[in-house]
Amino acid sequence: MGVVLAIGTMKGAWFAHRNGSAWKTDGPSLKGWQVNTFGRRPDGTYLLTTGSSWYGAAIHRSHDLRDWSQIVAGPAYEEGGDRKLEQIWTLTEADGSLYAGVAEAGLFRSGDLGETWEPVPGFNDHPTRPRWEPGLGGLTAHRILVDSRDPSRMWVGVSAVGVFATEDGGSTWELRNRGIPAAGSPEDAEPDVGYCVHCLVADPDDAETIWRQDHMGVFRTSDGARTWERIEDGLPAGFGFPIGRDPVSGRLFLVPLESDEARLPVGGRLGVYTSDDRGDSWRLAGRLDGPGYDGVLRDAMAVDGLGGVYVGTTSGRIAYSADSGDTWAELPGTFPRILSVHAFVE
């Protein structure tokens, strides 16, 4: 069983193939394009999304990770409307359908393997929509979680609005952010919007349990996002972007940064922290070689379920662990600024 590591950058996509301890890297594909994220259709076809200030956002498909063709009828807002589709930030499969989270924040669904897309009105036209505001990275729907046992239950993270949940397949949506401080508001204030979600990851065996790397810290819920609690014991900082979870061991991973203002590795060395007790406590799992001031973006961490953990940095490095974070190494070479890292098991 092998692993393909898909690496999306500001200048194209690369694919690193691991068989045992050896790596072979192919690319770039879509040379010069901003590659935001990856996905895979239920039929096994690979997907990736691109962005361009000239040509807009698009989805591309491939059967072999070499030859890519653009899907013509991708997600799109109504022509002439007041919303513009700027980027496609996430692709998620749910019960045979595909969902795309986009900026300007919105949700789209495809029932035909991604060949055509339709908006999800209950989300896109939510009553709070007039008060949605962007974070530093824009107004972005960037995380979609699906209950594997009941695909009508989903959670969507939006910067800088909050976490939305649906129990009826997307017809209606509820904001669920109780216990999270809102960015720019007093600590005890709980407005309905204004929560800058950075990343979400769920327990596949218990969809009610979700971990959240947020602008305001690290949090956990055990009741489907109805209430949240802070979990930062052992972390040098609560600010950061990605959070990952090994589905086999349950081990969690994140990369703290110094602060919202600085956004630099704590102490000048990028470190990956891990938790073996569902986030109750954290410890340093490993540091990248040498001093450095690169960061890790929200989609640039992947876990393959075989013990592999992968972290891509803004300076183009890929750090990886083959033993669930106990030891670390780096892929040879340096890539352009890394936006996304996804691991496909084949």
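Okay, let's start with the second largest pocket: it has 29 lining residues, and the ones nearest its centre are Gly-137, Phe-241, Arg-263, Leu-297 and Arg-298. Before I go on, keep in mind that this is a predicted model.

The volume of that second largest pocket comes out at about 660 Å³. If you sort its lining by class, you get eleven nonpolar, 13 polar and five charged residues. As for strands, β4 and β12 each put at least two residues into that lining, and β12 gives the most, with three.

Now the largest pocket. This one holds about 1400 Å³ of space, and 42 residues line it. Nearest its centre you'll find Thr-92, Ile-144, Leu-145, Val-201 and Val-303. By class, its lining has 25 nonpolar, seven polar and ten charged residues. Quite a list of strands supplies at least two residues each, including β4, β8 (87–94), β12 (140–146), β16 (197–203) and β28 (338–345).

As a reminder, most peptide bonds are trans, and most residues other than glycine have a negative phi. Here we have a cis bond from Ala-103 to Glu-104, with omega near -5°. Glu-104 is in the loop between β9 (97–103) and β10 (106–110). Another cis bond links Ser-159 to Ala-160, with omega about 0°, and Ala-160 falls in the loop between β13 (154–159) and β14 (162–166).

Then there's positive phi. Leu-30, not a glycine, has phi near 50°, and you'll find Leu-30 in the loop between β3 (22–29) and β4 (34–40). Ser-324 isn't a glycine either, and its phi is about 60°. Look for Ser-324 in the loop between β26 (318–321) and β27 (329–330). Is Ser-324 buried or exposed? Buried, with a relative accessible area of 12%.

That's what I've got, thanks.

Notes
Residues are numbered from 1 along each chain as its sequence is written. This is a predicted model: local features need pLDDT of at least 70, side-chain atom pairs count only at pLDDT 80 or more; totals for chains, interfaces and linings use all residues. Side-chain values use heavy atoms; hydrogens and water are left out. Helices (H or I, at least four residues) and strands (E, at least two) are DSSP runs, numbered from the N terminus. Buried means under 20% relative accessible area, exposed over 50%, partly exposed in between (1.4 Å probe, protein chains only). On a 1 Å grid over the protein atoms alone, a cavity is a set of points where a 1.4 Å probe fits but cannot get out, and a pocket is an open set with protein on both sides within 12 Å along at least five of seven lines; lining residues have an atom within 4 Å of a point. Grid points are joined across faces, edges and corners, and a volume is the space filled by probe spheres set on the points. Ala, Val, Leu, Ile, Met, Phe, Trp, Tyr, Cys and Pro count as nonpolar, Asp, Glu, Lys and Arg as charged, and the others, Gly among them, as polar.
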